[in-house]
Amino acid sequence: MARHKEFDTTEVLTKAMEYFWRHGFDGSSINELVQHVGIKAQSLYNTFGGKRDLYLSALKLYVNRSTVVATLEQTPSGKQAIIKVFHDLLSSLSQPDHRAKGCFMVNTCVELASHDAEIADFVEKESHRVEDAYLLALSRAKEQGDLGDRYQDLRALARYLNNAQAGLIVTAKTVSDPAVLEDIIRVTLSIFD
């Protein structure tokens with residue numbers, strides 16, 4: 001007879017996500033994960049599979065909790081949606097703990113995508129999803145008269161914004177002066193000038 005799980009899988013997965021986010025895949029041992037999430041190793045294996053399976057589940061949880069796509073898709077003003085994403089990001093990156101962790105997706109891309117095809121595919125698909133959300137917001141901004149005629153290739157502009165967002169996160173890890181991030185955002189948002 002199978003034993004009943006005596007833990008909340010979402011809570012355990014959230015703790016694993018936080019640990020991986022801070023330490024990366026290679027910097028996280030099973031022993032450290034088990035200690036951090038508060039369950040036995042066998043329970044972790046039985047519930048989530050191996051360390052890599054747990055990592056991928058944690059990454060999916062992170063993506064599901066992200067508000068970027070929802071903000072870009074649901075804010076009525078395309079311009080305001082994009083501005084909100086960057087201002088929210090600046091607010092988040094002004095917190096030392098978040099600045100040090102960066103973005104779990106960007107961290108994953110840097111650490112694993114070059115040598116793990118499944119992870120690379122997941123990261124690429126998620127990047128396309130965010131890019132598509134930027135495109136939708138840009139299309140609204142154009143229709144609403146908030147984006148000048150100089151931008152005809154909105155897909156290229158969406159890619160630029162997606163890249164600017166990721167670059168800002170990486171830059172935040174290496175600078176202590178918030179004015180640097182503010183300058184980057186000001187120039188990025190100058191597409192609306």
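1. Let's start with glutamate 131, which is buried, at a relative accessible area of 6%. Here buried means under 20% relative accessible area, exposed means over 50%, and partly exposed lies in between, as computed with a 1.4 Å probe on protein chains only. Please keep in mind that this is a predicted model, where local features need pLDDT of at least 70 and side-chain atom pairs count only at pLDDT 80 or more, while totals for chains, interfaces and linings use all residues. Residues are numbered from 1 along each chain as its sequence is written, and side-chain values use heavy atoms, with hydrogens and water left out.

2. What does glutamate 131 pair with? Glutamate 131 forms a salt bridge with arginine 159, and the closest N and O atoms are 3.2 Å apart. The glutamate sits in helix H9 and arginine 159 in helix H10 (residues 154-172), so this pair ties together parts that are 28 residues apart in sequence. A salt bridge here is a side-chain nitrogen of Lys or Arg within 4 Å of a carboxyl oxygen of Asp or Glu. Helices are DSSP runs of H or I with at least four residues, strands are runs of E with at least two, and both are numbered from the N terminus.

3. With aspartate 132 in H9 and arginine 155 in H10, parts that are 23 residues apart in sequence are tied together. Aspartate 132 counts as partly exposed at 38% relative accessibility, and arginine 155 is partly exposed too, at 27%. Through salt bridges that share partners, Glu131, Asp132, Arg155 and Arg159 join into one network.

4. How many salt bridges does a search of the whole structure find? The search finds 11. One of them to look at is the meeting of the aspartate 116 and arginine 52 side chains, at 2.8 Å from N to O. Aspartate 116 lies in the loop between helix H8 (104-112) and helix H9 (117-143), and arginine 52 lies in helix H4 (residues 51-65), so the pair ties together parts that are 64 residues apart in sequence. Aspartate 116 is buried, at 15% relative accessible area, whereas arginine 52 is partly exposed, at 28%.

5. Now to the annotated part of the chain. The unreviewed UniProt entry annotates residues 6-66 as "domain: HTH tetR-type". UniProt positions follow the numbering used here, feature names are shortened, and annotations may be inferred rather than shown by experiment. In the model, residues 6-66 are 75% helix and 0% strand, and the end C-alpha atoms of the span lie 28 Å apart.

6. At the start of H1, a side-chain oxygen of aspartate 8 reaches to within 2.9 Å of the backbone nitrogen of threonine 10. Just after H1, glycine 24 takes a positive phi of about 80°.

7. Which residues of H1 are buried? They are Val12, Leu13, Thr14, Ala16, Met17, Tyr19, Phe20 and Trp21. Their cover includes helix H2 (30-37), helix H3 (41-48), H4, helix H7 (96-101) and H8. Valine 37, in helix H2, is buried at 4% relative accessibility. Leaving aside residues up to four places away in sequence, valine 37 touches Val12, Lys15, Ala16 and Leu44, a contact meaning heavy atoms within 4.5 Å.

8. Helix H8 holds asparagine 107, which is buried at 17% relative accessible area. Not counting residues up to four places away in sequence, asparagine 107 touches Trp21, Lys101 and Lys173.

9. Finally, the cysteines. A disulfide is a pair of cysteine sulfur atoms within 2.5 Å, and by this rule the count comes to zero. For cysteine 103, the nearest cysteine sulfur is that of cysteine 109, 9.6 Å away, which is too far for a bond. Cysteine 103 is buried, at 12% relative accessible area, whereas cysteine 109 counts as partly exposed, at 37%.

How values were computed. A polar contact is a pair of N or O atoms within 3.5 Å; within protein, one must be able to donate a hydrogen and the other to accept it, and residues adjacent in sequence count only if both atoms are side-chain atoms.
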